[in-house]
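User: I am new to this structure. Please show me how to read its features one at a time.

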Amino acid sequence: SEVAMLASMEEWCLLWKVRRNSPRLKTLNMRSGMRLDKFANAIRRNRTIKVISVVDSDGAEAVAGALRENGSVTELRLNSISIRPRAVLAVAKTLGRNGSIERLELMSNAVGCVGATALAEGIRKNGSLVSLYLTANSIGNGGSQALAGALQESPTSSLNHLHLENNGIRNDGAKALARALKDSSSPGLKWLCLQDNLIGDDGAKSLSEALEKNKTLQQLDLTGNIFGDVGATALAMSTKKNSATRLILKRNVGVGAAAVAAFAEAMLINDLRVELDLDLIVRARDAIEMDGRVPIDSSLLDAAFRVLLDNDWTKEGPCWSVVGNIHESIMRRLVG
């Protein structure tokens, strides 16, 4: 048909650009049904493409194989493609041989513990990867432990952004990552995202101990985990020795007035950077006023509230909308 002919012509035109190293072709979007063998051979010799995006598992496997001989692609996007184990192993093998990929996205796939362990082996041999996105892959404790081990033992690793949101990681996985933060032989992580996992008080306490010794981590996101006041208070206490790491603790339903009070106190001691739900600040203030069981002057919460309002992130981030939803009378009481 005419549509099929036009699609075929478009594909051949794109293939010609890859083969000819077209300086205008910086991003290659691989579609289903492409002639993978021809594109893979062209990618091996291409020196102008920087980003490759793939939409299915077969394409991921073919591109991964080609990138073992390509030294120019810096970003590989393999998100939501129902990637098969064979393709994950191909990507892991490529990590061990490729020296140019800086960003790897594998979000919302079925990588699992086995796949994460294979990727960890590739990371041990890799010196170029900076950012790894493994959000929503069900890697669990086993996968996070394997990745932590790779970070801890690889002196050549350049990985500094690790996204492990929504992966069913519990306390044991958090403890392994904490050990990596304390004892890593590589330059160290700068961003660690553990949002929407199942980390409890023990895991949060281990991470707090790691923060006291770590000198490189810039942001730790623990939003939506299951730890309560015990874990959150330990994190607050760690900021007395390390105020350089931004902590994000939103939607942590177990965190109450005691932890908020601990963060408020830490804010007055040092230049702490923390993101808390502002409605949690309000509830904590109300709890203190009603029963006084938290051993801290309520003026500290007022100070904490002002610090939160002064932080740059509140003016652009999602918590700013929370402020707008707080009743005007409560705002006047807290700020004025």
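Predicted model: local features only at pLDDT ≥ 70, side-chain atom pairs only at ≥ 80, totals over all residues.

User: How many helices and strands does the protein chain have?

Analyst: Helices (H or I, at least four residues) and strands (E, at least two) are DSSP runs, numbered from the N terminus. The protein chain has 14 helices and 10 strands.

User: How are two packed helices described?

Analyst: Two packed helices are described by the angle between their axes and the distance between the axes. Axes are lines fitted to C-alpha atoms, for helices over the stretch in contact, and angles run from 0 to 180 degrees between N-to-C directions. Here the axes of α6 (residues 140-153) and α7 (residues 171-183) come within 8 Å and cross at roughly 5°. Angles under 35 degrees count as roughly parallel, and α6 and α7 are therefore roughly parallel to each other.

User: In what order do the strands form the sheet?

Analyst: Two strands pair if DSSP finds at least two bridges between them. The open sheet has the order β1-β2-β3-β4-β5-β6-β7-β8-β9-β10, with parallel pairing. Its edge strands, β1 (27-29) and β10 (274-276), each pair on one side only.

User: Which residue is the bridge partner of L192 in β8?

Analyst: L220 is the partner. Strands β7 (residues 191-193) and β8 (residues 219-221) run parallel and are joined by three bridges.

Technical notes: Residues numbered from 1 in each chain as written. Heavy atoms only, no water. Parallel < 35°, antiparallel > 145°, perpendicular 65-115°, else oblique.
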